[in-house]
Amino acid sequence: MVNDIHSIKEQAQEEIHNAASLKEVQSLKVKYLGKKGIITTKARSLGAVPKEDRPAYGQELNSLKKSIDELLQARAESCKAAEMEQSLQAERLDLTIPGSFTAFGHLHPVTQVMDEITAIFISLGFTVEEGPEVEHDYYNFEALNMPPDHPARDMQDTFYISDDVVLRTHTSSVQVRVMEKNSPPLRVIAPGKVYRCDADVSHIPMFHQLEGFMVDKHIRMSDLKGVLELFIHRVFGPDTKVRLRPSFFPFTEPSAEIDISCVMCRGKGCNVCGTSGWIEILGAGMINPRVYEKAGYDPGTYTGFAFGMGIERVAMLKYSIDDVRLFPENDKRFLEQF
Ligand code: DAH
């Protein structure tokens, strides 16, 4: 009998030890401890054991049952741990594999420069206004001191929609629109698209301008110079020299072209600046009293300055681009450089 128990124990130990999965452990549990299992069957046949041996045998059987149960539990734990480890390995994510990327676009270089310039003027307290691109002759020309037969109209190759409606040739058209609706003090910029019937390396029929103006009491030409110098230094660097060259615009008096020292040769002279060392960058001046009259302001009370610049021109100088037609072409090889 005792031998019997011994051999069951040895066999159980070996089988449990070799069980390779929870499933195998489970079937061993059934085999030994189940309702029809080896130990249970033995316990049931306890009656066949001689009476005097019964307590000892019963005890042996009980402790065998207990030790098989413990072995099964321990094996079950280790199988569980091994299976968990296996599934962790199998489902392991390699976080070092580079992801797949979608190509992102970015703002057009003209928009980038426009935003940069706009931000500079906003930091100086200017507000942003917009006007229509299809504009009345009145705001584009007449309110800016260019009556119907004024020769200055010839310089702006105008697209006419009808006799008195045009595609605006400049953002100066926003000036009187804003003045009509607001009273001084005014600090305004008006960025936007403008149109001229012209096309070559330095002209495209649709391009961008930014108009700026400031109206208050006691605004002087030195204010104009200070604001524009600050703007130019922020865009082209603090070493850039600025000069005002006398010029003429019907809506400003006096008027000036603003030149900066050549960004390519730093003023030494090169083919970009035509050996002069200077590059024209924008037009400006003190707002002509005639414009105030159109807006209903008293020219004796208010003074102010205005300026206007081409955004493509600023972008070309900033990035050394020699053909303005590259901007609207939208060739990715060009755009990706910005
Ligand atoms: N509107 C002018 C143009 O398109 C640029 C300009 C010059 C605007 C002088 C101004 C100014 O406000 O004062 O050529």
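The exercises below, each with a worked solution, concern a predicted model.

**Exercise 1. Aromatic pairs**

Classify the ring pairs F121–F126 and F334–F338, and state which cluster F121 and F126 belong to.

Solution. A pair of aromatic rings is described by the distance of the centres and the angle of the planes. The structure holds eleven aromatic pairs. For F121 and F126, the ring centres are 5.3 Å apart and the planes stand at 75 degrees. Planes over 60 degrees apart count as edge-to-face, so F121 and F126 form an edge-to-face pair. Both residues are buried: F121 has a relative accessible area of 0%, and F126 has 4%. For F334 and F338, the centres are 5.1 Å apart and the planes are at 65 degrees, so this pair is edge-to-face. F334 is buried at a relative accessible area of 9%. Finally, ring pairs join F121 and F126 with F231, F305 and F307 in a cluster.

**Exercise 2. Two helices**

Determine how helices α2 and α4 are oriented to each other, and describe the residues of their contact.

Solution. Start with the geometry: α2 (residues 22-33) and α4 (residues 54-90) pack at an angle of about 170 degrees, and their axes are 9 Å apart. An angle over 145 degrees counts as roughly antiparallel, and α2 and α4 are therefore roughly antiparallel to each other. Next, list the contact. From α2 come L22, V25, L28, K29, Y32 and L33. In α4 they meet K65, I68, D69, L72, R75, A76, C79, K80 and E83. Sorted by type, the residues of this contact of α2 with α4 are nine nonpolar, no polar and six charged.

**Exercise 3. The surroundings of α11**

Solution. After α11 comes S320, with a positive phi near 55 degrees. Now turn to β6, the strand in which F207 is found. F207 is buried, with a relative accessible area of 16%. The C-alpha atoms of F207 and F327 are separated by 9.3 Å, although the two residues are 120 apart along the chain.

**Exercise 4. Backbone exceptions**

Solution. Most residues other than glycine have a negative phi, and most peptide bonds are trans. P185 lies in the loop between α8 (174-181) and β5 (186-195).

For N145, phi is near 65 degrees. N145 is in the loop between α6 (137-140) and α7 (152-155). H218 has a positive phi of about 65 degrees and lies in the loop between β6 and α9.

Key:
Residues are numbered from 1 along each chain as its sequence is written. This is a predicted model: local features need pLDDT of at least 70, side-chain atom pairs count only at pLDDT 80 or more; totals for chains, interfaces and linings use all residues. Side-chain values use heavy atoms; hydrogens and water are left out. Rings of Phe, Tyr and Trp (its six-membered ring) pair if their centres lie within 6.5 Å; planes under 30 degrees apart count as stacked, over 60 as edge-to-face and the rest as tilted. Buried means under 20% relative accessible area, exposed over 50%, partly exposed in between (1.4 Å probe, protein chains only). Helices (H or I, at least four residues) and strands (E, at least two) are DSSP runs, numbered from the N terminus. Axes are lines fitted to C-alpha atoms, for helices over the stretch in contact, and angles run from 0 to 180 degrees between N-to-C directions. Angles under 35 degrees count as roughly parallel, over 145 as roughly antiparallel, 65 to 115 as roughly perpendicular and the rest as oblique. Contact means heavy atoms within 4.5 Å. Ala, Val, Leu, Ile, Met, Phe, Trp, Tyr, Cys and Pro count as nonpolar, Asp, Glu, Lys and Arg as charged, and the others, Gly among them, as polar.
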